[in-house]
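Reader: I'm new to this structure and would like a close look at one part of it. Could you start with a single residue and then show me the surroundings step by step?

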Amino acid sequence: MAIDPVDFREAQHRNWSSAAVGWKEWSEFNGRADRHISERLVELAGVRSGSRVLDVAAGCGEPALTAARRVGPEGSVVATDISAEMLAFGRERAAAAGLGNVEFVESDAAGLDFPPGSFDAAVSRWGIIFEPDAEAAAGRIRRFLRPGGRMAIASWGEPDQVPFLSIPMRTTMARLDVPAPPPGTPGPLSRPTPAAIGGLLEGGGFSTVAVEQAEVTFEFDSPEHFTAYVRAIAAPIRAMIEQRAGDAQEEAWDAITRAAADAGGGSGPLRFSNAVLLASGAA
């Protein structure tokens, strides 16, 4: 592997912790756009009333909270994430929703440790794809599941099919002359094909793996609104830009605004549809 897993996880911890405030501010906006992805992951994982569910890299609580509603008071959900700040907001959301059947645990995917058969289902929405050794993590999670238990995960599709990420990512890399990451580097666009995302579960020993495609559409009032969103929630892009000093940072954000306007056809409202891949398999 061309990256050091320990250093990479430490950087992920810093980046996502710093983005927690933005995720809180944009929570309702995101929920309107991607709620159906959480619901579908819960379905693909076979979650039902009374199920015990593990959410890996749950961020600020999804699809953990969706699963908690599905399992009801007889079931339980453990939501894990590398960022304590993200989990703190997840706890707030669970309390506000009256969901007392969710436990929040700070851990990266590679560090999870539960007895065999602890869960009936596992989910991860755009989460486990950030783990440097994702196949090994999937294998650990499989052992936490009862025989026949299911896991369902989500990734974004090919960069050209995910403009809300690829536009600011490409613009930032070009503007700041940032080289492409080493092959195999985890990230939001690192598992963009059915073979790549399905292979993550297969590499973890899951069987009867299937992959389907969905779509998430974001609507922004203007290119500036789009950039404000990216600036708040896109931890990998923020990390690249914040490494530069002074005016270079604002110039990069301005370049993203211009690129969004070009892609959206002007200074008015923008609508970006983005491909999502959902993979599921049995333990």
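Author: Ser 17 counts as buried, because its relative accessibility is 14%; buried means under 20% relative accessible area, exposed over 50%, and partly exposed in between (1.4 Å probe, protein chains only). You can find Ser 17 in helix α1, residues 5-25. Helices (H or I, at least four residues) and strands (E, at least two) are DSSP runs, numbered from the N terminus. Not counting residues up to four places away in sequence, Ser 17 touches Ser 83 and Glu 85, where contact means heavy atoms within 4.5 Å.

Please keep in mind that this is a predicted model: local features need pLDDT of at least 70, side-chain atom pairs count only at pLDDT 80 or more, and totals for chains, interfaces and linings use all residues. Residues are numbered from 1 along each chain as its sequence is written, and side-chain values use heavy atoms, with hydrogens and water left out.

Now to the sheet. Seven strands make up an open sheet with mixed pairing, in the order β3-β2-β1-β4-β5-β7-β6; two strands pair if DSSP finds at least two bridges between them. At the edges stand β3 (102-106) and β6, each with a single partner strand, so one side of each has no neighbour in the sheet. On average, neighbouring strands are turned by 20° against each other, direction ignored. Further in, β5 (residues 145-156) and β7 (residues 270-282) pair in the antiparallel sense over seven bridges. Ser 155, for instance, has Leu 277 in β7 as its bridge partner. Helix α2 (residues 27-44) packs on the sheet, touching β4 (119-125), β5, β6 and β7, and its direction makes about 170° with that of β6. Such axes are lines fitted to C-alpha atoms, for helices over the stretch in contact, and angles run from 0 to 180 degrees between N-to-C directions.

Next, have a look at the charged pairs. The structure holds 14 salt bridges, each a side-chain nitrogen of Lys or Arg within 4 Å of a carboxyl oxygen of Asp or Glu. In one of them, Arg 40 and Glu 212 have their closest N and O atoms 2.8 Å apart. This pair links distant parts of the chain, with Arg 40 in helix α2 and Glu 212 in strand β6, 172 residues apart. Arg 40 is partly exposed, with a relative accessible area of 30%, and Glu 212 also counts as partly exposed, at 29% relative accessibility.

Another salt bridge is between Asp 120 and Arg 146, where the closest N and O atoms are 3.0 Å apart. Asp 120 sits in strand β4 and Arg 146 in strand β5, 26 residues apart. Asp 120 is buried, with a relative accessible area of 14%, whereas Arg 146 is partly exposed at 30%. Shared partners also join Arg 40, Glu 43 and Glu 212 into one network of salt bridges.

Let's finish just past strand β6. Asp 221 lies in the loop between β6 (207-220) and α8 (223-233). Asp 221 counts as exposed because its relative accessibility is 58%. Leaving aside neighbours within four places in sequence, Asp 221 is in contact with Gly 268 and Pro 269. Arg 191 is 30 residues from Asp 221 along the chain, and their C-alpha atoms are separated by 30 Å.
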